[in-house]
Amino acid sequence: MLTKKQHELLFYIHRRLQADGVSPSFEEMKEALKLRSKSGIHRLITALEERGFLRRLAHRARALEVIKLPPGGAPVTGFTPSVIRGSKAEALGARRADETAPATGQGTVALPLYGKIAAGTPIEALRDPAESFEVPASLVGADEHYALRVDGDSMIDAGILDGDVALLRRCDTAENGDIVVALIDEQEATLKRLRRKGASVALEPANARYETRIFGPDRVRIQGRLVALFRAY
């Protein structure tokens, strides 16, 4: 089973080969898939090679051969959640945020695990995911999900500790009192409890050492709702 981005790239290369007789350049692939760097294209092509869908032809520039296509139609598009910068995300910089991972077994699903989500002071938003994380398939269902690693102690009274992995269901709305990933001013992301006060939006910590932050409704965008937590001992 291919990820959405692998599927999309494979069909894009296939269409270009049929139309032009030559595979697209890495720059063209990057633009077509709306990726920020060519390194993401290199990773996708390597993954398609390993799965037997693509072959690189030696000693020829821009030479790719589509060996087979998966069943189904055109590639589907996916959600690109904004996530936040952490040292692990910067160091690894693996799959793009909108690359949803496939099932790895009967009982688990591999989801993209993005950089650290601040459970303390929000920090700069980042879209580069770090790695994948396996969760029970029963927690995911048909909705889109992703995982973020918690960084900080502002939610400890809600049982959310530094180093936990938070499983989020992608959504842009949430109920009052839900714990959400909120994007502030399209730049800062944080994990907090959502409270609406009239026309204002309050992002409430679960630690007396931190203050509740209040914003106008146009400054906060919901990125996901907390579904589960995972902790390594």
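Begin with the whole chain shown as a surface. Its accessible surface comes to about 11600 Å², and carbon and sulfur atoms hold 48% of that. Areas of this kind come from the Shrake-Rupley method with a 1.4 Å probe, and for residues only the protein chains shown count as cover. This is a predicted model, in which local features need pLDDT of at least 70 and side-chain atom pairs count only at pLDDT 80 or more, while totals for chains, interfaces and linings use all residues. Residues are numbered from 1 along each chain as its sequence is written, and side-chain values use heavy atoms, with hydrogens and water left out.

Switch to a cartoon view. The chain has 4 helices and 13 strands; these are DSSP runs numbered from the N terminus, helices being H or I with at least four residues and strands E with at least two. Of the 233 residues, 45% are buried. Buried means under 20% relative accessible area, exposed over 50%, and partly exposed in between, with a 1.4 Å probe and protein chains only. Among contacts with a separation of 6 or more, 63% join residues 24 or more positions apart; a contact means heavy atoms within 4.5 Å.

**Helix 1**

Select residues 4–20, which form helix 1. Its 17 residues should span 24 Å at 1.5 Å a residue, and the end C-alpha atoms are 24 Å apart, which agrees. The expected span is 1.5 Å times one less than the number of residues. The buried residues here are Lys5, Gln6, His7, Glu8, Leu9, Leu10, Phe11, Tyr12, Ile13 and Arg16. Their cover includes helix 2 (26–33), helix 3, strand 1 (54–56) and strand 2 (64–66). Just past the end of helix 1, Gly21 has a positive phi of about 80°.

Now pick Leu10, which sits in helix 1. Is Leu10 buried or exposed? Leu10 counts as buried because its relative accessibility is 0%. Leaving out residues up to four places away in sequence, Leu10 touches Leu2, Leu48, Phe53, Leu54, Val66, Lys68, Leu69 and Pro70. Draw a C-alpha to C-alpha distance from Leu10 to Lys68: these two are 58 residues apart in sequence and 9.4 Å apart in space.

**Helix 3 and its two partners**

Helix 1 contributes Lys5, Gln6, Leu9 and Leu10 to the contact, and helix 3 contributes Ile41, Leu44, Ile45, Ala47 and Leu48. By class, there are 7 nonpolar, 1 polar and 1 charged residues in this contact.

Next, show helix 2 beside helix 3. Their axes come within 9 Å and cross at roughly 95°. Helix 2 is therefore roughly perpendicular to helix 3. The residues in contact are Phe26, Glu27, Met29, Lys30 and Leu33 of helix 2 with Lys38, Ile41, His42, Leu44 and Ile45 of helix 3. They divide into 6 nonpolar, 1 polar and 3 charged.

Some terms for this stop: axes are lines fitted to C-alpha atoms, for helices over the stretch in contact, and angles run from 0 to 180 degrees between N-to-C directions. Angles of 65 to 115 degrees count as roughly perpendicular, under 35 as roughly parallel, over 145 as roughly antiparallel and the rest as oblique. Ala, Val, Leu, Ile, Met, Phe, Trp, Tyr, Cys and Pro count as nonpolar, Asp, Glu, Lys and Arg as charged, and the others, Gly among them, as polar.

In the loop between helix 2 and helix 3, select Lys34. Lys34 is not a glycine, yet has a positive phi of about 60°. Its relative accessibility is 67%, so Lys34 counts as exposed.

**Two stops further along**

Go to Asp164, in the loop between strand 7 (145–151) and strand 8 (165–169). Asp164 is buried, with a relative accessible area of 1%. Beyond its neighbours within four places in sequence, Asp164 is in contact with Leu148, Arg149, Val150, Gly159, Leu229, Phe230 and Arg231.

Finish at Arg196 in strand 10 (residues 188–197). Arg196 counts as partly exposed at 41% relative accessibility. Apart from residues up to four places away in sequence, Arg196 touches Ala174, Glu175 and Asn176.
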